[in-house]
Amino acid sequence: VSIESRRHACPKAVDDVGQQQHFDAPGAETFEVRRGFDLGAVFAGEIDEGVRTAIRSMTVTGNTVLTSDQLVALAAVSPGQAFTDTTIAAARDRIDLEYRNRGYENITIEPKATVVADGTEAEVVLRISEGQQVIVDHVIIAGNVRTRTETIERELLLHPGQPLGYSARLESQQRLAALGLFRRVRIEELPHPGESRRIGRLAVAASALLAGLWLLPLSEQIV
């Protein structure tokens with residue numbers, strides 16, 4: 001890449017960063033390139049940041065499971081905080097994880113912002129569609145010949161009557177894998193037609209040590 005092409009790329013890069021940080025009409029002008037002593041190319045220029053946009057408020061709509069105060073607290077966004085794509089995405093992800101841990105795996109969150117006060121403030125609204133909660137009806141463990149059922153049950157964090165939580169499901173897989181008895185672990189659920197309750201179904205591929213030899217694939221399936 002030539003120095004000349006990078007010279008022209010600098011204003012565009014600065015402008016892109018400014019838009020991500022939500023500065024009004026960011027720009028860069030009079031960028032020049034000079035050769036520094038043993039340092040390669042040195043870029044110098046003037047940057048016009050424009051107007052900084054801060055968050056005035058954040059509200060939520062469509063929520064029934066958690067209160068608006070609970071969701072705003074989860075979002076961890078304060079008035080006056082810089083209005084950036086990263087800040088809004090992080091707020092959305094924190095709320096999304098809380099819902100998924102409560103069994104709402106079809107949760108959707110749509111952020112919408114209205115810029116007010118000559119571009120210096122933004123009012124953010126999170127539109128939530130909670131979807132249906134999934135509850136574990138029961139977990140059936142069968143087909144395990146070498147591994148005791150109690151050993152598997154001890155590592156599971158998913159139990160009948162509790163939500164099918166994302167973090168509990170992921171940690172259950174990790175705890176089973178950490179036993180060193182299985183080559184791979186995955187947890188699947190079977191839907192009850194027309195109901196929100198599901199059967200937890202565990203499918204585990206295992207390897208066994210026999211007479212000093214690893215026999216692969218030698219699998220145990222837990223259904």
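The structure is a predicted model, in which local features need pLDDT of at least 70 and side-chain atom pairs count only at pLDDT 80 or more, while totals for chains, interfaces and linings use all residues. Residues are numbered from 1 along each chain as its sequence is written, and side-chain values use heavy atoms, with hydrogens and water left out.

**The chain as a whole**

- The chain contains 5 helices and 12 strands; these are DSSP runs numbered from the N terminus, with helices (H or I) of at least four residues and strands (E) of at least two.
- Of its 223 residues, 31% count as buried, that is, under 20% relative accessible area with a 1.4 Å probe and protein chains only, whereas exposed means over 50% and partly exposed lies in between.
- The accessible surface comes to about 13300 Å², and 52% of this belongs to carbon and sulfur atoms; such areas come from the Shrake-Rupley method with a 1.4 Å probe, and for residues only the protein chains shown count as cover.
- Among contacts (heavy atoms within 4.5 Å) between residues at least 6 apart in sequence, 53% join residues at least 24 apart.

**The sheet β5-β7-β6**

- Three strands form an open sheet in the order β5-β7-β6, with mixed pairing; two strands pair if DSSP finds at least two bridges between them.
- β5 and β6 are the edge strands, each pairing on one side only.
- Neighbouring strands are turned by 20° against each other on average, direction ignored; axes are lines fitted to C-alpha atoms, for helices over the stretch in contact, and angles run from 0 to 180 degrees between N-to-C directions.
- Helix α3 packs on this sheet and touches β5, β6 and β7, its direction making about 150° with that of β6.

**Strand β7 and its partners**

- Strand β5 (residues 54-61) pairs with β7 in the parallel sense over 7 bridges, and M58 has V124 as its bridge partner.
- Strand β6 (residues 108-116) runs antiparallel to β7, joined by 9 bridges; I109 is the bridge partner of I128, and V115 stands opposite A122.
- The hairpin of β6 and β7 has 4 residues between the strands, and A117 in the turn has a positive phi of about 55°.
- In a regular strand the side chains alternate between the two faces of the sheet.
- In β7 (residues 121-129), A122, V124, L126 and I128 make up the covered face, and E121, E123, V125, R127 and S129 the uncovered one.

**A residue of helix α3**

- L97 lies in helix α3 (residues 85-101) and counts as partly exposed because its relative accessibility is 37%.
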